[in-house]
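Keep the sequence at hand as you read.

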Amino acid sequence: MQKILIQNADAIITCDKNDRLLKGCDIRIEDNRIAAIGQNLPAEGAEIIDGRGRFVYPGLVNTHHHLLQAFSRNIPAIQSSELFDWLLYLYNVWCNVNPDYIYYSSMVAMGEFVKFGGTTMFDHHFAFPRSSKKEIIDREFDAAAELGVRFHAGRSSFTRGKSKGGLPPEELIETTEETLVDSERLIDKYHDPREFSMRQVAVAPCSPFSVDTDVMVESVKLARRRGVRLHTHLAETMDEERYCLEVYGRRPLDWAEDCGFIGSDVWYAHGIHFTDEEVARLAKTKTGVSHNPVSNMKLSSGVCKVPLMLELGVPVGLAVDGCGSNDASNLLNEIRIAYLLHRLNSGNKAPTGYGILKLATCGSAELLGRSDIGSLEVGKAADLFMINVDLLDCVGAVMDPMSFLGTVGYTRPVELTMVNGKVVWKDGRLQGIDEDKIKVAARAEVKKVYDKIEG
Ligand SMILES: [Zn+2]
């Protein structure tokens, strides 16, 4: 049995139900679980990690990403675009996606995620070009396994192309049957519902302006038959709302509800343009919302009503969104920005820095249907990260370790990230990964695609 003892941590921020903050305590890890938390725990047979001058937090859980967008960042042509124009440009890039492209973009984005305390990643992958092999999400699972990241894959789809009044080009359009068959293949191959699972699958049609009602309804049937979760983009922009009213004669949430795409096994990305009555409906049905503040700010989409959602009991998690609209995969940064955004927008009704941290840990875990991650408690998975606060620039800033990440912000990579009891990032290196080799190959993938587009 592998044993690790984190000893004498200045602070352990548990994010448990009692919001416990422990000072000068140890965490004992046995294999993949937390075996004990307390003072002066026995060190016998354990590898010791010195926690002095360090804060330890539960690993961060991301509830919405598009890993393919690691190679869609900082593009001059779309620096000032909003969602629809931004997408219309990027669809041309995404027509070139193939399994190798996805593997390398996943290594880039998830590598960054881990360096900033990320331990569980949900990805929402929608680009399956007709000219490419279908084994695209398989390569995301490969990258996650190499990096040691706990990975949830959302099998997304586009079924409403330009010819049917949708936004995406025909090269990216699948039939309902194609997407359902591949979703079921992925569930059979990868979905592991057991405690401490490292691989799960969700069924996740893309958005109201890129899918048909039919695929929404059939996705609900498939997910509920197989016991997996449902995810989609909803209420992200006013353009989307106008589209729904014109095409479906319904507001976005009404349309989703008509499809049966609502409930405690469903979470939506963004959820910005809900009325107060609709937020109450989310609370009543326990439908979750993934909050993506940086993306919402970059694409000028609006501000999610997070304070009202929390007040009414809507499950809310945090996410970076695709890194094309971020342009990073850094959830520590997202915590800081979310804190400031809601302070600006809602004053004293805004969550504290600790309130935002809880969105990124236990809140996000709930959206993914996980009760075994998201807090530091005996019996839970050993997913955590540790930061060094014994630094000159932290002097005078560490009075409230629970709110520290929101109110002060931590802008450098963390000292150590652990997933499922395994250290995946420490000493400034992704463990077991040749970063230089991956960097060269990933750069070649980017060049191949952009040479083709620009040529
Ligand atoms: Zn998205």
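A residue is called buried if 20 or more other C-beta atoms lie within 10 Å of its own, exposed if 12 or fewer, and partly exposed in between, with C-beta atoms placed from the backbone. Pro351 has 21 C-beta neighbours inside 10 Å, so Pro351 counts as buried. This is a predicted model: local features need pLDDT of at least 70, side-chain atom pairs count only at pLDDT 80 or more, and totals for chains, interfaces and linings use all residues. Residues are numbered from 1 along each chain as its sequence is written.

Where does Pro351 sit? Its place is in the loop between α11 (331–346) and α12 (353–367). Helices (H or I, at least four residues) and strands (E, at least two) are DSSP runs, numbered from the N terminus. Leaving out residues up to four places away in sequence, Pro351 touches Val306, Pro307, Leu310, His342 and Ile356. Touching, or contact, means that two C-beta atoms, placed from the backbone, lie within 7 Å. Gly406 is 55 residues from Pro351 along the chain, yet their C-alpha atoms are separated by 9.8 Å.

Step back into α11. Its 16 residues should span 22 Å at 1.5 Å a residue, and its end C-alpha atoms are 22 Å apart, which agrees. The expected span is 1.5 Å times one less than the number of residues. Buried residues of α11 include Leu331, Ile335 and His342. Just after the helix, Gly347 takes a positive phi of about 55 degrees.

Now look at the whole. The protein is divided into domain 1 (3–59 + 374–428) and domain 2 (60–367). These bounds come from an automatic or database domain assignment. The C-alpha centres of the two domains lie 29 Å apart. Their contact takes 26 residues from domain 1 and 29 residues from domain 2. On the domain 1 side, β7 (54–58), α13 (404–407), β17 (416–419) and β18 (422–426) each give two or more residues. α13 gives the most to that side, with 4 residues.

What lies between the domains? The largest nonpolar core has 142 residues. Such a core is a set of buried Ala, Val, Leu, Ile, Met, Phe, Trp, Tyr and Cys residues joined through C-beta atoms within 7 Å. Both domain 1 and domain 2 give residues to this core, so it lies between them. Helix α2 (residues 99–115) supplies its largest share, 10 residues. Among the residues with the most contacts inside the core are Leu331, Ile335 and Ala360. Beyond its neighbours within four places in sequence, Ala360 is in contact with Leu60, Val61, Leu318, Leu331 and Ile335.

Follow the chain past α2. Gly117 is found in the loop between α2 and β9. It counts as buried because it has 29 C-beta neighbours inside 10 Å.

Next comes an open sheet of 8 strands. Its order is β8-β9-β10-β11-β12-β13-β14-β15, with parallel pairing. Strands pair if DSSP finds at least two bridges between them. The edge strands, β8 (60–62) and β15 (316–318), each pair on one side only. β10 (residues 150–155) and β11 (residues 199–203) pair over 5 bridges. There, Gly154 has Ala202 of β11 as its bridge partner. Helix α3 (residues 137–147) lies across β9 (118–125), β10 and β11, running at about 170 degrees to β10. Axes are lines fitted to C-alpha atoms, for helices over the stretch in contact, and angles run from 0 to 180 degrees between N-to-C directions.
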